[in-house]
Amino acid sequence: MEISFRQSTLTPPARHSVSRWKKRTTSTTLTSSRMMLTSPSTNRNLLQRMYFHTSAVFIGCLMMISGCRYAAPAPGELAEKCELAIASGDWPAAGRWAEQIPEDSPVWVDCRLQLGEALTKAGQWEAAMASYRLIIDKAPEDEDAPRARFFLSELERELGRLSLAEAGYQQVLSAVREDIATRERIAFILSTSGRAWEATPHFMAIVMAGAATPTDLCLLGDLERSVDQKEYLKGCSLKTPEDPIVQLGLAVHRFWEGDQREAELALRELLARHPTLMAGQAMLGELLVTRSPAEFLQWHDALPANAVEHPRIWLTRGLWARHQSVLEVAARCFWEALTREPTSRRAVTQLSQVLLQMKHPAHADFQKRTEELSRLTQLIDEILQQKAEREPPVREVAEILERMGRVWESCAWGVLAQQRFPESSWPSAIFSRHQGELTPLLPLMRATENLALRHDLSHLPSFDELVKSIRLKSQDSAEPSQAGVLQFSEEFNGPQFVYESGADPATRGARMFEQTGGGVAVIDYDCDGAPDLFLPQGGSWPTGQSRPPQTPDHRDGLFRRDADLSYRDVTLYSLPADIGFGQGAAAGDFDNDGFADLYIGNIGRNQLLHNLGDGTFEDVTPDSPQDTWTASTLIADLDADGNPDLFDVNYVTGPRVYEILCQDRACSPKVFEGSFSQLHANQGEGTFLPVPYGSAMLPGKGLGAVCLPIESPKMLSLFVSNDQVANQFLRNQTIPGGGKFDLLDEAMIRGAAYNLDGVAMAGMGIAADDVDSNGLIDLFVTNFKDEPNTLYLQDSPGFFVDASNAFGLKGAGLDMVGWGTQFLDADRDALPDLIVVNGHVDDYRDTGGEFEMRSQLLQQERAGRFVERFSPDAGEFFGKLRRGRGLARLDWNQDGLMDFAVSSIGQRTSLVTNTTTNAGHYLNVRLVATTSARDAIGAQVTVTFSQTRSWIRYQLAGDGYMASNERLIQFGLGPESSLQELQVRWPSGSISRIANPLIDQTWIIVEGSRHCWTMDHGSHSVHRDVMTTHQE
């Protein structure tokens, strides 16, 4: 729960004097004496160095013509007079003497340069630029003409005219290719405007000249890193609002920040006038990847001919081909990107995933490179945060770069280490290994380590072939959509329950356990068809104690929904005593007796409650020495033996983990060690045995979990959201009946470990649903403030891609600390919407920060585009501040509109009712398995409209952050008023089918039964026979 330093601040380069400009052209070799070691925050601080004033009459003085008849002084004498005037600050006199020097005089250029500098110091920038232009026009072949152009470009940049400045710098380089000051400027403009790939040769020249700063090395090491210069660009825009490079930079920053709507508008407007800005074209294309093929191809058809040379265009093509599930074309496109940009982390990562799906033998090489590049990104984050003051990350970066054949960079990091850590010997070892290689002919990456050269994929189908095939396909009609006006209202007849976090009001700061709050579990414990609520409770926890006191003052709560639609507290009658400090909870039938049980995650020993079927529960917690911090729990059959198992998602551990504060504030999870999650195997007859869940178990800092099918409904995999370390995707390879669990973490190779930038986020809540209607479960993960929430789109079975930006979800949560989250189709238009609850980990109001935060409603207003809806239109709930934590989905009043419940720290639990108007039709499904485990976790339900159109939903468990949703599958149907078929594919392999099912009903389907039931607002009736078949 801490910010990940993902953006880099590249300070504008300082303006040099004439003499310094000359000196910077002389360094051409990599030596430690030429390394510039200023910190990233002070390096090249340009905008604060405008420090001169002058008289307003100076320009008029330049135009004076002498009327004297005496003999004109010699040019040398005039030049001396000009210099003296400049030295004394007599700017009008300096102008008069300079004007009298003949243009063919040897001293004319020097005097004009001095005059330009004097005018600059006087603040007469336009006049100074005129002086420099005169040199360029009158003496273009003079050896000092590049100097004049350099200083002209400096002033253009000062005035926000980045396009003119960049063009001028490029002309300087055409004359003086080794000039490092000019390359610094070009690299700055390119990186600031999202064109880091084009900056590569300039960064390399700076490295080869031995002039690279730590910031230069970090940017070259991770070219896909965003560079935060928004305020600088805003300043440029105020001066020169129509400059295309300035406008590109601002649009790129909107893209980086996840402001999808504004980024798209800005890019479309800019590219209509300047279509050759390829970096902007690539970003616009990436925003369109998940749109309709027609919209993407309309953009693609308008690309200039030279777009084929840009690696980011090829990356965008690959993303689109992958989204179309044409893996060979996607692989070809990502390979084409790498042939042009061999260091691209994104292209390597994408190609690795696609080759794995293709079972291509080159996958292993690209997977290894993916891991190296991800680690490189994380280390660069650390170095930027710590200003290169720690040796271990610097050394590891140098070693990774060396292994990847990026010798120049590796040696440059070694030079930096020699400067910062002179006692270390490892830099000399790197130098000695490569002393004969460091020549201008050595490329950014050696050919032997360039994977695009090692593995030739040019034989794969081309992108043009895919485009032709897509154009030939007939396009289906649009998906049914009937967007409603989303509205919610908070009920006052909900549970009277307040979560107590153990906070000590007399002590400043929040201990770790005070931050996480409690969860929500929806359970129909009395089998009356109405959703009841279970709410775990924390309790008091005095400062300095390693364990909370065992007191009856605070208890978990069970609330029954009565027929009058009120929630009644039945805790004392139904529940046994608590045994721990409550966190999350899961509802599920672990013994298949038809009554839902409860599994409660605690700090300390977890608690298993068996539903006796008479309205009460008994404590059947196994005796164990368990002493862990379990955030979330789930109940699901993970070995396909018909007996649901238990899974604990464990958080952090370490000495005094429940006691310490960090400088009187909440500690980061980075301070503590991660924990191993725990699997408890169901032995039958209600007994459980803790067992290893895999041969390569690794600790995490788990907060949320979702159990979902990948290969088939029978075998369930797990996604675990981790806090500040890589997420885990535990693919289930268990052999049914084999007696041994085998869940292997494949998050890295499946695209779910990190976000798009290759960085671990502060993963907390998880929402799971099929967002893009491709029949596969997608995952939305909430993160910490200043970290984008992440949408992992499952675009092919078991493989995910970060589509947060394309779906408009990247920027929505940047100002929030996100916790519980759920998808629900609020207006039943077949497009899942999203609820997120937020709240800070500590009270930062005394330093201008936040404590409580508002919750968020994000409507998928059209396929692939989410838009936030605000209070009061969306409901007063979304305008109130709270420390929201657990969030569960349910239809509490059974009106067919999905509602939700929220547990907040220190505030009453919220029951929020969906009051959306103009909602579409729906079909609900409840499943009761008989051959499979009774909860039917993993079952696949399909509704079919026509031969070419159907939607798929799944029965899931885990449900994210400390949550357990109502076991109710809902299909929003929009305006559709009829269906051809409803099909259930059970985990056992059997299939149930219902022809022409009635809509706006809840169907209760029992595995293997020839009868089913419908429920409409509480009434039950036998409806029709079910055709049942069996599939192995």
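## Terms and model

A residue is buried when its relative accessible area is under 20%, exposed when it is over 50%, and partly exposed in between, using a 1.4 Å probe and protein chains only. Helices (H or I, at least four residues) and strands (E, at least two) are DSSP runs, numbered from the N terminus.

This is a predicted model, in which local features need pLDDT of at least 70 and side-chain atom pairs count only at pLDDT 80 or more, while totals for chains, interfaces and linings use all residues. Residues are numbered from 1 along each chain as its sequence is written, and side-chain values use heavy atoms, with hydrogens and water left out.

## Helix H9

Helix H9 covers residues 180–192. Of its 13 residues, 13 are buried, and H9 is thus mostly covered. The expected span of a helix is 1.5 Å times one less than its number of residues. For the 13 residues of H9 this gives 18 Å, which agrees with the 18 Å between its end C-alpha atoms. Just after H9, Gly-194 has a positive phi of about 75°.

Two strands pair if DSSP finds at least two bridges between them. S2 runs parallel to strand S37 (residues 963–964), and two bridges join them. Ala-521 has Ser-964 in S37 as its bridge partner. With strand S3 (residues 532–535), S2 pairs in the antiparallel sense over three bridges. Here Val-522 stands opposite Leu-533.

Strands of a sheet pair through backbone hydrogen bonds, either parallel or antiparallel.

Val-720 has Gln-728 in S18 as its bridge partner.

## Two residues in strands

Glu-618 lies in strand S9 (residues 617–619). Its relative accessibility is 33%, so Glu-618 counts as partly exposed. The C-alpha atoms of Glu-618 and Leu-575 are separated by 7.3 Å, with the two residues 43 residues apart along the chain. Contact means heavy atoms within 4.5 Å. Leaving aside neighbours within four places in sequence, Glu-618 is in contact with Pro-576, Leu-608, Leu-609, His-610 and Leu-612.

Val-943 is found in strand S34 (residues 940–946). Its relative accessible area is 0%, so Val-943 is buried. Leaving aside neighbours within four places in sequence, the contacts of Val-943 include Leu-923, Trp-951 and Phe-971.
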